Amino acid sequence: MFPEYRDLITALKGKDAHFDKLFDEHNKLDKKIKHLYDESTPDNTLIRLKKERLQLKDELKHYLSSKVNNR
């Protein structure tokens, strides 16, 4: 995710609590969605979770870009 921010992500991991929270939530949702695909979960549940994941991804992107712009 976000290869253009690879160095910044590495720098923030374990040092920025807000980033860690967003990153962990996104990864947990991603794993849950992948698991639910295997379980043939109803589409409405997957759609809701995908929307949550996308919202987290957008928030992460904005957070990372603000860190780059404030350097």
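A nonpolar core is a set of buried Ala, Val, Leu, Ile, Met, Phe, Trp, Tyr and Cys residues joined through side-chain atoms within 4.5 Å. Buried means under 20% relative accessible area, exposed over 50%, and partly exposed in between, with a 1.4 Å probe and protein chains only. The model is predicted: local features need pLDDT of at least 70, side-chain atom pairs count only at pLDDT 80 or more, and totals for chains, interfaces and linings use all residues. Residues are numbered from 1 along each chain as its sequence is written, and side-chain values use heavy atoms, with hydrogens and water left out.

**Legend 1. The protein chain has three helices and zero strands.** Helices (H or I, at least four residues) and strands (E, at least two) are DSSP runs, numbered from the N terminus. The order of elements from the N terminus is α-α-α. Along the principal axes, the C-alpha atoms of the protein chain fill a box of roughly 45 × 20 × 20 Å. Of the 71 residues in the protein chain, 30% are buried.

**Legend 2. The largest nonpolar core has 17 residues.** F2, Y5, I9, L12, F19, L60 and L64 have the most contacts inside this core. Two or more residues come from each of helix 1 (6-12), helix 2 (17-38) and helix 3 (43-69). In soluble globular proteins, nonpolar side chains tend to be buried together.

**Legend 3. L12 touches F19, D20, Y63, L64 and K67, leaving aside residues up to four places away in sequence.** Contact means heavy atoms within 4.5 Å. L12, F19 and L64 are also among the core residues with the most contacts inside the core.

**Legend 4. F2 and Y5 form an aromatic pair.** Rings of Phe, Tyr and Trp (its six-membered ring) pair if their centres lie within 6.5 Å; planes under 30 degrees apart count as stacked, over 60 as edge-to-face and the rest as tilted. The whole structure holds two aromatic pairs. The ring centres of F2 and Y5 are 6.3 Å apart and the planes lie at 75°, so this pair is edge-to-face. Both F2 and Y5 are buried.

**Legend 5. F23 lies in helix 2.** What is the relative accessible area of F23? The value is 14%, so F23 is buried. Leaving aside residues up to four places away in sequence, F23 touches M1, I9, K13 and L60. F23 and F2 are 21 residues apart along the chain, and 12 Å separates their C-alpha atoms.
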